[in-house]
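Please read the points below with the model open beside you, and look up each residue as it is named.

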Amino acid sequence: PGQIHAMHEYAPDPIRVILPGMCFRYEQITARSEIQFYQVEGLAVGPGITFANLKGTLADFARRMWGDGVGTQFRADHFPFTEPSLEMDIECFVCGGKGCPVCKYSGWLEILGAGMVHPTVLRNGGYDPKKCSGFAFGMGPERIAMLRHGIEDIRYFWANDLRFLEQF
């Protein structure tokens with residue numbers, strides 16, 4: 001929801017923003033998902049922004065977060081405000097890509113969703129989709145912290161246990 005506000009504030013100028021916020025969704029609570037979580041959204045809009053820019057930005061983020069040797073993959077997906085859309089995975093740090101319970105035996109761990117901003121969204125944000133394009137992504141800092149520090153259960157972040165929280 002922060003991306004459209006940023007577009008309204010800065011259109012028609014190019015923008016590059018990171019927007020943190022809280023999300024809520026109706027789903028089963030598990031070790032990997034919660035009904036509430038923080039999300040960090042990224043948005044870049046301007047002339048000549050391509051899908052290659054999106055993939056390069058995300059791959060660079062993964063290398064900076066997990067090291068130069070991290071394997072990444074992009075999978076096609078669908079999100080209502082981007083087209084085309086993708087999900088980004090990193091190679092499982094537990095099994096090295098061989099498959100284990102942490103990665104559901106796939107060898108990969110999903111870290112974020114992203115895509116090219118849909119032309120209707122650009123238009124609604126005050127941009128001319130014939131002159132500008134953009135990309136957007138969203139990731140949960142709790143999930144990133146889980147992957148970076150080997151935390152097994154996302155519910156630890158919401159348990160208010162100082163012994164856990166003071167480690168960070």
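1. Helices (H or I, at least four residues) and strands (E, at least two) are DSSP runs, numbered from the N terminus, and two strands pair if DSSP finds at least two bridges between them. Within this pairing, Met 116 has Phe 135 in β6 as its bridge partner. β5 also pairs with β4 in the antiparallel sense, over 8 bridges, and there Gly 113 in β5 is the bridge partner of Glu 87.

2. Before going further, please note that this is a predicted model, in which local features need pLDDT of at least 70 and side-chain atom pairs count only at pLDDT 80 or more, while totals for chains, interfaces and linings use all residues. Residues are numbered from 1 along each chain as its sequence is written, and side-chain values use heavy atoms, with hydrogens and water left out.

3. Strand β5 (residues 108-117) is mostly covered, since 8 of its 10 residues are buried. Here buried means under 20% relative accessible area, exposed means over 50%, and partly exposed is in between (1.4 Å probe, protein chains only).

4. Helix α2 (residues 51-66) deserves a careful look. Its 16 residues should span 22 Å at 1.5 Å a residue, and the end C-alpha atoms are 23 Å apart, which agrees; the expected span is 1.5 Å times one less than the number of residues. Which residues of α2 are buried? They are Leu 54, Leu 58, Ala 59, Ala 62 and Trp 66, and because they cover an arc of only 120° around the axis, they lie on the same side of α2. The arc is that of the directions from the helix axis to the C-beta atoms. On the other side of α2, Ala 52 and Arg 64 are exposed. The buried residues of the helix pack against β3, β4, β5, β6 and α4 (141-149), where contact means heavy atoms within 4.5 Å.

5. The structure holds 7 salt bridges, a salt bridge being a side-chain nitrogen of Lys or Arg within 4 Å of a carboxyl oxygen of Asp or Glu. One of them joins the side chains of Arg 64 and Asp 60, at 2.8 Å from N to O, and these two residues of α2 are 4 residues apart, about one turn of the helix. Arg 64 is exposed, at 67% relative accessible area, whereas Asp 60 is partly exposed, at 28%.

6. Another salt bridge links Arg 75 with Glu 87, whose closest N and O atoms are 3.5 Å apart. This pair connects distant parts of the chain, 12 residues apart, with Arg 75 in strand β3 (residues 72-79) and Glu 87 in strand β4 (residues 82-91). Is Glu 87 buried or exposed? Glu 87 counts as buried, with a relative accessibility of 9%, while Arg 75 is partly exposed at 31%.

7. The model has 4 aromatic pairs. Rings of Phe, Tyr and Trp (its six-membered ring) pair if their centres lie within 6.5 Å, and planes under 30 degrees apart count as stacked, over 60 as edge-to-face and the rest as tilted. The rings of Phe 157 and Phe 164 have centres 5.3 Å apart and planes at 85°, so this pair is edge-to-face. Phe 157 is buried at 18% relative accessible area, as is Phe 164 at 11%, and ring pairs link Tyr 156, Phe 157 and Phe 164 into a cluster.

8. The peptide bond from Ala 11 to Pro 12 is cis, with omega near 5°, and Pro 12 is in the loop between α1 (2-10) and β1 (15-24). The bond from Glu 83 to Pro 84 is also cis, with omega near 0°, but Pro 84 lies in strand β4. Tyr 105, which is not a glycine, has a positive phi of about 65°; Tyr 105 is placed in the loop between β4 and β5 and is exposed at 60% relative accessibility.
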